[in-house]
Amino acid sequence: MRFLYLRYADNVYGYVCSIVRDEHEAEDVTQQIFAKLLTALQRYEPRSVPFSAWILRIAHNAAIDSMRARRAV
């Protein structure tokens, strides 16, 4: 897990930050992504997409979920 965090955290953070437009929110979402990754890692299938694309898809979904939760109803 440490290797994955060191390898992908900067890319994930940058991508999330470009979506949520808030550095603190992006840090929180990035941490949530890597916490969820512990349980989601078993669902990754190497032959379907590269790992970097898969983790960025998770990041995209988490960032959108964060924005939806923050939006006023």
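**Figure 1. The largest nonpolar core of the predicted model.** The largest nonpolar core has 22 residues, in a model that is predicted. Val12, Val16, Ile33, Leu37 and Phe51 are the residues with the most contacts inside this core. Helices H1, H2 and H3 are the elements that give two or more residues to the core. With 8 residues, H1 gives the most. In soluble globular proteins, nonpolar side chains tend to be buried together.

**Figure 2. Contacts of valine 12.** Valine 12 is among the core residues with the most contacts inside the core. When neighbours within four places in sequence are left aside, the residues in contact with valine 12 are Thr30, Ile33, Phe34, Ile55, Leu56 and Ala59. One of these, Ile33, is also listed with valine 12 among the core residues with the most contacts.

**Figure 3. The ring pair of tyrosine 5 and phenylalanine 34.** The structure holds 5 aromatic pairs. In the pair shown here, the ring centres of tyrosine 5 and phenylalanine 34 are 4.9 Å apart and the planes stand at 70 degrees; because an angle over 60 counts as edge-to-face, this pair is edge-to-face. Tyrosine 5 belongs to helix H1 (residues 2–20) and phenylalanine 34 to helix H2 (residues 23–40), so the pair links distant parts of the chain, 29 residues apart. Are the two residues buried or exposed? Phenylalanine 34 is buried, at a relative accessible area of 6%, whereas tyrosine 5, at 33% relative accessibility, counts as partly exposed.

**Figure 4. The ring pair of tyrosine 8 and phenylalanine 51.** A pair of aromatic rings is described by the distance of the centres and the angle of the planes. For tyrosine 8 and phenylalanine 51 the centres lie 5.1 Å apart and the planes are at 55 degrees, so the pair is tilted. This pair also links distant parts of the chain: tyrosine 8 is in helix H1 and phenylalanine 51 is in helix H3 (residues 51–70), 43 residues apart. Both residues are buried. Phenylalanine 51 is one of the residues with the most contacts inside the largest nonpolar core.

**Figure 5. Surroundings of the tyrosine 8 ring.** Tyrosine 8 is part of a cluster in which ring pairs link Tyr8, Tyr44, Phe51 and Trp54. The ring of tyrosine 8 also has a charge over it: the charged end of arginine 7 sits 4.9 Å from the ring centre.

Figure 6. Arginine 21 is exposed, with a relative accessible area of 69%.

**Figure 7. The whole protein chain, for orientation.** The protein chain has 3 helices and 0 strands, and its elements run α-α-α from the N terminus on. Along its principal axes the C-alpha trace spans about 40 × 25 × 20 Å. Among contacts with a separation of 6 or more, 60% are between residues 24 or more positions apart. Of the 73 residues, 34% count as buried. The accessible surface comes to about 5300 Å², and 52% of this belongs to carbon and sulfur atoms.

Terms used. Residues are numbered from 1 along each chain as its sequence is written. This is a predicted model: local features need pLDDT of at least 70, side-chain atom pairs count only at pLDDT 80 or more; totals for chains, interfaces and linings use all residues. Side-chain values use heavy atoms; hydrogens and water are left out. Rings of Phe, Tyr and Trp (its six-membered ring) pair if their centres lie within 6.5 Å; planes under 30 degrees apart count as stacked, over 60 as edge-to-face and the rest as tilted. Helices (H or I, at least four residues) and strands (E, at least two) are DSSP runs, numbered from the N terminus. Buried means under 20% relative accessible area, exposed over 50%, partly exposed in between (1.4 Å probe, protein chains only). A charge sits over a ring if NZ of Lys or CZ of Arg is within 6 Å of the ring centre and within 35 degrees of the ring normal. A nonpolar core is a set of buried Ala, Val, Leu, Ile, Met, Phe, Trp, Tyr and Cys residues joined through side-chain atoms within 4.5 Å. Contact means heavy atoms within 4.5 Å. Accessible areas come from the Shrake-Rupley method with a 1.4 Å probe; for residues, only the protein chains shown count as cover.
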